Amino acid sequence: QVQLVESGGRLVQAGDSLRLSCAASGGTFSRNHMGWFRQAPGKEREFVAALYGSTSTSYAASVKGRFTISRDNAKNTVYLQMNSLKPDDTGVYYCAVLRYFGGTVVDYWGQGTQVTVSS
């Protein structure tokens with residue numbers, strides 16, 4: 001069983017930067033493929049970014065070039081660096097353990113952290 005705890009979400013202005021963290025416990029973190037998803041009010045949860053292994057990444061088109069996913073295996077933590085934030089980036093951001101290399105099927109979810117971007 002893996003537990004994921006996100007942090008770092010807050011209210012920011014458009015154009016600002018923000019870094020989200022996700023601390024994992026249980027399982028073997030270094031072996032996990034990790035992802036970030038988000039859910040805006042009234043919308044379905046959507047994929048944001050994934051890190052397969054240590055170096056293979058994938059991003060949603062809407063965030064590519066602005067967001068960066070990374071991990072620190074020594075701290076059992078995955079990060080999402082978000083730059084040039086837009087109001088459309090507002091939502092609850094969820095960390096997840098992904099089941100397959102290259103996929104977005106989720107085995108475990110975190111509880112989420114709220115990001116609000118004001119215009």
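## A tour from the disulfide to the sheet

By the cut-off used here (a pair of cysteine sulfur atoms within 2.5 Å), the count comes to one disulfide. Before you click on, note that this is a predicted model, where local features need pLDDT of at least 70, side-chain atom pairs count only at pLDDT 80 or more, and totals for chains, interfaces and linings use all residues. Residues are numbered from 1 along each chain as its sequence is written, and side-chain values use heavy atoms, with hydrogens and water left out.

**Stop one: the disulfide.** Select Cys-22 and Cys-95, which are joined S to S at 2.1 Å. Cys-22 sits in strand β3 and Cys-95 in strand β9 (residues 91–98), so to speak a link between distant parts of the chain, 73 residues apart (strands are DSSP runs of E, at least two residues, numbered from the N terminus). Now look along the S-S bond: its torsion is about -80°, so this disulfide is left-handed. Are the two cysteines buried or exposed? Both Cys-22 and Cys-95 are buried, meaning under 20% relative accessible area with a 1.4 Å probe, protein chains only.

**Stop two: strand β3 and its partner.** Stay with β3 and select residues 18–25.

**Stop three: the whole sheet.** Zoom out to an open sheet of four strands, in the order β1-β3-β8-β7, with antiparallel pairing. Its edge strands are β1 (3–7) and β7 (67–72), each pairing on one side only. From one strand to the next, the twist averages 20°, with axes taken as lines fitted to C-alpha atoms and angles running from 0 to 180 degrees between N-to-C directions.

Notes
Pairing = 2+ DSSP bridges. Buried < 20%, exposed > 50% of the residue type's maximum accessible area, 1.4 Å probe, protein only.
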